[in-house]
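Trainee: Could you show me how to read helix packing and a nonpolar core?

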Amino acid sequence: MKTWGFNNDDLYYLNEGKHAGLHYIFGAHLIKNSINEIVGTQFTCYAPNAKQVFLACSYNNFDGSKNPLNKIGDSGIWTTFIPLNLEWVMYKFEILTNDDERLYKSDPFGYFAEERPGTASKVYDIEGYEWHDQEYMAKKKKSYQEPLLVYEMHLGSWRRRYGAFIKYNELADELIKHLNEQGFTHVEFLPLYEHPLDDSWGYQGTGYFAATSRFGVPKDLMYLIDRLHQAGIGVIIDWVLGHICEDAHGLYKFDGSYLFEFDDKRLRENETWGTANIDFSKGFPKSFMLSALTYWMDFFHIDGFRIDAVANLFYYLGDSSNGTNEEAIAFLKQLSYHLFSKDDRVLLMAEDSTAFPKVTHPVDSGGVGFNYKWNMGFMNDTLDYFKKDPIHRKWHHNNITFGLTYAFSEQFILPFSHDEVVHGKGTLLNKMPGDYFQKFANYRLLLTLFMTHPGKKLLFMGQEFAHFAEWNNNRELDWNLFKFPAHDSANRYFRDLALVYKHHQPLYVLDHDQKTFKWIDADNKDQSIFSYIRYGNNDDHLVIVLNMTPVVYHDYKLGVPNKGYYYEILNSDKDIYYGSNQYNGLPIKTINSPSHGFSNHIKLTIGPLTGIILKYSKNKPNI
């Protein structure tokens with residue numbers, strides 16, 4: 001780590017919004033001598049509109065008058081050096097505003113904080129963790145032609161111990177075992193930076209450089225990420241870029257002025273979330289966020305970021321009628337350029353519900369610069385379709401087909417996220433119509449569409465074993481469901497489906513290319529049967545058939561592109577998955593007779609509410 005300090009160049013780049021290393025300047029730094037002994041602690045704060053800044057800490061009994069900070073010229077920087085090792089000391093900046101108001105603020109650049117409900121920062125030595133993920137970091141690949149199956153999770157409610165949070169490092173063994181068994185390639189954590197309220201799930205942050213103390217110290221989190229990397233699992237964190245929490249100790253009105261946020265109340269106040277929108281026409285907020293994401297990549301080896309509420313960045317207050325937020329868009333492009341310059345394998349994902357163009361196109365090609373965008377249309381249309389009783393689905397056939405008209409306009413992630421299993425919406429299983437058997441059949445059918453549709457994948461925790469109860473952030477998942485045959489079988493289907501996805505390149509290698517997908521029959525709304533082909537390289541292809549009703553079909557005629565054999569590699573109706581066991585056990589030889597625009601066809605047995613994946617072989621396979 002750099003020795004603490006700054007110069008005129010630092011100040012220039014800070015004000016220009018181009019400084020990505022502010023964490024080396026601001027905050028609390030343990031100063032070490034040539035033999036790595038701590039000889040003092042430097043506290044530095046950026047408060048350009050303050051009349052005076054003091055250090056209120058446990059070392060001085062929170063009497064800030066004992067340790068005033070010195071202002072350095074007109075830079076807006078305040079600093080003091082205390083020739084003591086103050087590691088673990090709790091502190092806040094006591095800010096006297098120009099209106100003679102006293103504010104007690106946690107450190108925006110603090111590396112650690114006391115556990116809630118306390119709100120003070122803690123001096124912490126961020127250096128010294130010995131990483132063992134060098135092989136992973138050297139060999140990880142760009143994701144575009146690789147399987148990408150993300151497990152979205154809320155760390156505080158995945159597992160609990162006697163109702164209490166489990167520490168980062170104590171979760172490592174169990175989490176890695178679960179992720180590997182289920183076939184996930186990445187884990188995405190809901191925000192892990194410091195936040196005051198558990199029920200905000202981390203989306204109303206106050207300490208963007210501090211791994212939340214709920215689950216231990218920052219090096220415990222480093223250990224968890226290190227272990228995940230050693231197991232070959234990538235790590236993504238959720239990030240709120242566009243708005244800040246209004247709690248008194250946070251960034252809001254930090255020095256008595258709107259240092260981070262809009263001066264104009266109409267643009268600033270985000271009444272839906274009770275937060276304040278950041279003004280990216282100002283230099284300091286841009287440098288702050290550039291530095292924060294850089295810090296998490298450098299010190300925590302984070303592989304990527306999912307940026308929350310991007311609509312709120314594209315448009316003022318998230319509403320296109322309010323106008324385009326050009327400054328925020330320019331910053332997104334700047335951020336993209338910076339992060340991909342650091343590591344061109346980084347994942348930068350937009351949670352965006354708008355039709356804003358070229359979100360996932362490179363900046364040099366006129367795009368915003370994300371490399372993935374959540375496909376909210378797929379999520380909404382698909383779940384709306386599956387909620388309907390099968391007898392009514394033929395009237396909503398377009399819910400499934402419409403998404404393919406824009407599926408290749410961006411590089412999409414297909415998300416079944418936390419937002420869809422909370423606030424009365426029900427879990428994936430509970431959204432499904434019908435009796436117990438039909439609910440599970442629909443659930444497996446939904447997952448088949450999800451895993452075979454163009455786009456990378458994201459699934460919220462618990463949905464991999466058909467969680468029945470809606471997600472509650474205050475309790476752990478119902479792991480006892482694995483004792484019930486229906487849920488255990490549902491999870492077996494998910495695991496097998498994940499294996500098919502990861503080991504058959506037509507499902508991922510050309511995910512963002514139009515030529516990867518071809519409908520066999522998109523128009524069979526009367527039977528509510530969808531059939532399509534996923535192509536890979538060298539004419540490798542899979543045929544997918546989805547029967548959205550409980551009707552069973554024998555000798556169903558289906559056109560196929562090649563002469564030879566097609567055989568099932570997965571059928572969601574098998575009894576091992578809690579199905580009725582209507583399946584095609586032997587390889588099916590093509591018949592030289594046209595159907596669906598192809599020269600050959602096959603005849604299938606299609607079970608009720610069933611998804612089928614067929615693989616082509618020129619010669620009869622030995623199965």
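We'll take a helix pair, then the core.

Mentor: Keep in mind that this is a predicted model.

Trainee: How do I describe two packed helices, and what angle do α5 and α7 make?

Mentor: In general, you give the angle between the two axes and the distance between the axes. Here, α5 (residues 218–230) packs against α7 (residues 283–300) at about 70 degrees, and the axes sit 10 Å apart. So α5 is roughly perpendicular to α7.

Trainee: Which residues of α5 and α7 meet?

Mentor: From α5, you have Pro218, Leu221, Met222 and Ile225; from α7, Trp296, Phe299 and Phe300. Sorted by class, that contact has seven nonpolar residues, with no polar and no charged ones.

Trainee: What about α5 itself: how many residues does it have, and which are buried?

Mentor: α5 has 13 residues and reaches 18 Å from first to last C-alpha, close to the expected 18 Å. Its buried residues include Asp220, Leu224, Asp226, Leu228 and His229. After α5 comes Gly232, with a positive phi near 85 degrees.

Trainee: Now the core. Which residues touch the most other members?

Mentor: The general idea is that nonpolar side chains tend to be buried together in soluble globular proteins. In this model, the largest nonpolar core has 177 residues, and Phe189, Trp239, Trp296, Phe300 and Phe305 touch the most other members. α7 gives the most to this core, with 11 residues. Apart from it lies another core of 19 residues, including Ile520 and Phe598.

Trainee: And what does Trp239 touch?

Mentor: Leaving out residues up to four places away in sequence, Trp239 touches Tyr193, Met289, Trp296 and Arg306, among others.

Note on methods:
Residues are numbered from 1 along each chain as its sequence is written. This is a predicted model: local features need pLDDT of at least 70, side-chain atom pairs count only at pLDDT 80 or more; totals for chains, interfaces and linings use all residues. Side-chain values use heavy atoms; hydrogens and water are left out. Axes are lines fitted to C-alpha atoms, for helices over the stretch in contact, and angles run from 0 to 180 degrees between N-to-C directions. Helices (H or I, at least four residues) and strands (E, at least two) are DSSP runs, numbered from the N terminus. Angles under 35 degrees count as roughly parallel, over 145 as roughly antiparallel, 65 to 115 as roughly perpendicular and the rest as oblique. Contact means heavy atoms within 4.5 Å. Ala, Val, Leu, Ile, Met, Phe, Trp, Tyr, Cys and Pro count as nonpolar, Asp, Glu, Lys and Arg as charged, and the others, Gly among them, as polar. A nonpolar core is a set of buried Ala, Val, Leu, Ile, Met, Phe, Trp, Tyr and Cys residues joined through side-chain atoms within 4.5 Å. Buried means under 20% relative accessible area, exposed over 50%, partly exposed in between (1.4 Å probe, protein chains only). The expected span of a helix is 1.5 Å times one less than its number of residues.
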